[in-house]
Amino acid sequence: MRNGQLVFALFCVGTALVLSLRKDGVFPVIQQAGVIGYLLAAPLVAACAVALRRPSREARAASARKTLIVFHLLFIPLQFLFSFGNFEPLAGMVLSAVFVVLLKPRFPRLGRRARKVWLTVHIGVAVSWLGLSLGMTVLAVAGLTADTHAVRHGAYELMHLFDLTLVIPSMAVSVLSGLVLSLGTPWGLVRHWWVLLKFVIALSLPTVAAFFESKWIRSLQALTKDPAAEPGGTGVTLAVCLATFTLLLWIAVILSVVKPGGRTRWGRGGGRSRRDGARVPAQKKTPVTQTPVTVSEVQQLADGVVSLELRRTDGGTLPPWQPGAHVDLILPSGRVRQYSLYSSRGGRDRQGGQVGEGAVAAYRIAVLREPEGRGGSAEAHELRPGATAAIRGPRNNFPLVEAPAYVFVAGGIGITPFLSMIRRLDAEGADWKLLYRGRTRAAMAFADDLLRRYPGRAGVTASDTDPRPALDELLSAAPQGVAVYSCGPVPMLDAVSAAMRATCSHGRLYTERFCAADRPGPETDEPFEAELTRTGEVVRVEPGGSLLDALREVEPALDFSCADGICGSCETRVVGGTPEHRDSVLQEHERERRDVIYPCVSRARGPRIALDL
């Protein structure tokens, strides 16, 4: 990326030189503006490229990245203007568009009213572009087949006038408004094939028009001043070209309605949950296999906290993962515990937050020893390099959603899932803050590293030395649409939830729990039936009984792990009836979902529920 920006800076210098030496420009004022624009762009891009070469200065590199994103987005329409009568800026437009995608910008989602305004502009101007294309096609055919000189020459005169005054502005506004909509809504620009194909069509038409169509129109306009001249092959080619333009624009309309092609590999990368927070309907799952692993490294992170590095026993690679993901660790005794992934070897997450972009050699988890626990954490602390265990996953019930800003509130070992989130957001130049609270500073893993890497963004306090942080002030000052993430002990989660209700109704809370939330007792249970739609079998669940146990009587391979509504491994698709969610996986704003159930703890709200099993 850094080398690419330097290449673009050289391209700017070269293009400015070419434009300044061109003597036969059609629009001299625009040509001179292009020279000035490229000469100003070259040093800016070069300076940002140099800043990107210094990853040790993370704040400066992040600012340079953000500057480049804004620059290229603004420079694309400017280069479109510079291309009037010149070909070189069109190549610059393509380069800028490519760099914007590679820089992976994060755009705040459009509000409802703003999206309506942009959508109205886009539809209105796109329809105008389509109508003009059809009208230009009719004029091209008229100029080609006219019997009189007046009609022939008049057709090409009108085409030239329309091309300059109507077609070019409508193309520019249509492409720009479409870009804003695709980047500012959950569609994304490269998440869906139909959006990506529309964008390619929208960019290809003005490119071809600038290189060929406008040139042919000017040529035919000058040629047909002679009453005896015939449009000939150029007239035929122009008519075919404009008819093709009209056809492609109709294809873009059809793509908007039909939305074919599914999601691209960029759109599929988020797994079950997308970055925009929307959920992909659960699919029928096969049992998750266990992967034998070996402990390759043990590191003491803080008092009572160790880091375990896990590698496949057979030397193979482990699956990619996204921030917020966890694995089931199956200890030698057979105990199963869930731990968040915070880093890995073989990926790029340690340098830039690029978690999940390819297979990795090892996972890292952090384990807090809990003396009053059930023995799992104590056993994990006794593991030494060379010890063998197994894992299932990774699985992500705590995904990083799309938001204009983020606040992270971590308690103790609850900092673990946030480490990869913060690395990614910081690398992308996002707006975020962290509040990390622990019992003692000595027991707070990663605290010193966070303060060193993110001064001004990460706040670290210990309850034995520092006053209780003012959650109300922190949350009330957060921007509109903020995503608040919280992970830690129950009292802290309750405090964050209360502060959200009191001072942050403009944001949304996402929590991850160490233990299950309080649930109704069995005395409130009602019996119900669960239909397995794929086999037609029906199982009955009695009061106090578990839906998971009933299902496993007929589906022994049904996947599960914690059996306490925390890990999400037993997720099952609901195709009929209403679930009564008692799990700790779904967020508060998802409690009314009717498409999924976690049968280890949840039940049916009513006499019957139908499951995709």
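**Notes on the predicted model**

1. Cys48 has a relative accessibility of 7%, so Cys48 counts as buried. The cut-off for that label is under 20% relative accessible area. Cys12 counts as buried as well, because its relative accessibility is 0%.

2. On the overall make-up, the protein chain contains 16 helices and 18 strands. The chain has 613 residues, and 48% of them count as buried. Among contacts in the chain with a separation of 6 or more, 70% are between residues 24 or more positions apart.

3. Next, two helix pairs. Packed helices are described by the angle between their axes and the distance between the axes. Helix H1 covers residues 2-21 and helix H4 covers residues 88-102; their axes come within 10 Å and cross at roughly 165 degrees. Angles over 145 degrees count as roughly antiparallel, so H1 is roughly antiparallel to H4. The H1 and H4 crossing is left-handed.

4. Which residues form the contact of H1 with H4? From H1 come Gly4, Gln5, Phe8, Phe11, Thr15, Val18 and Leu19, and they meet Glu88, Ala91, Gly92, Leu95, Ser96 and Phe99 of H4. By class, the residues of this contact are seven nonpolar, five polar and one charged.

5. The second pair is helix H7, residues 193-223, with helix H8, residues 232-258. The axes of H7 and H8 are 10 Å apart, and the packing angle is about 160 degrees. H7 is therefore roughly antiparallel to H8. Their crossing is left-handed. The contact of H7 with H8 involves 18 nonpolar, four polar and two charged residues.

6. Most residues other than glycine have a negative phi. Phe446 is not a glycine, yet its phi is positive, at about 70 degrees. Where does Phe446 lie? Phe446 is in the loop between strand S8 (432-438) and helix H13 (447-453). Is Phe446 buried or exposed? Its relative accessible area is 16%, so Phe446 is buried.

Conventions:
Residues numbered from 1 in each chain as written. Predicted model: local features only at pLDDT ≥ 70, side-chain atom pairs only at ≥ 80, totals over all residues. Heavy atoms only, no water. Axes fitted to C-alpha atoms, helices over the stretch in contact; angles between N-to-C directions. Helix = DSSP H or I, 4+ residues; strand = E, 2+ residues; numbered from the N terminus. Parallel < 35°, antiparallel > 145°, perpendicular 65-115°, else oblique. Left-handed = near helix turned anticlockwise from the far one by under 90°. Contact = heavy atoms within 4.5 Å. Nonpolar A, V, L, I, M, F, W, Y, C, P; charged D, E, K, R; others polar. Buried < 20%, exposed > 50% of the residue type's maximum accessible area, 1.4 Å probe, protein only.
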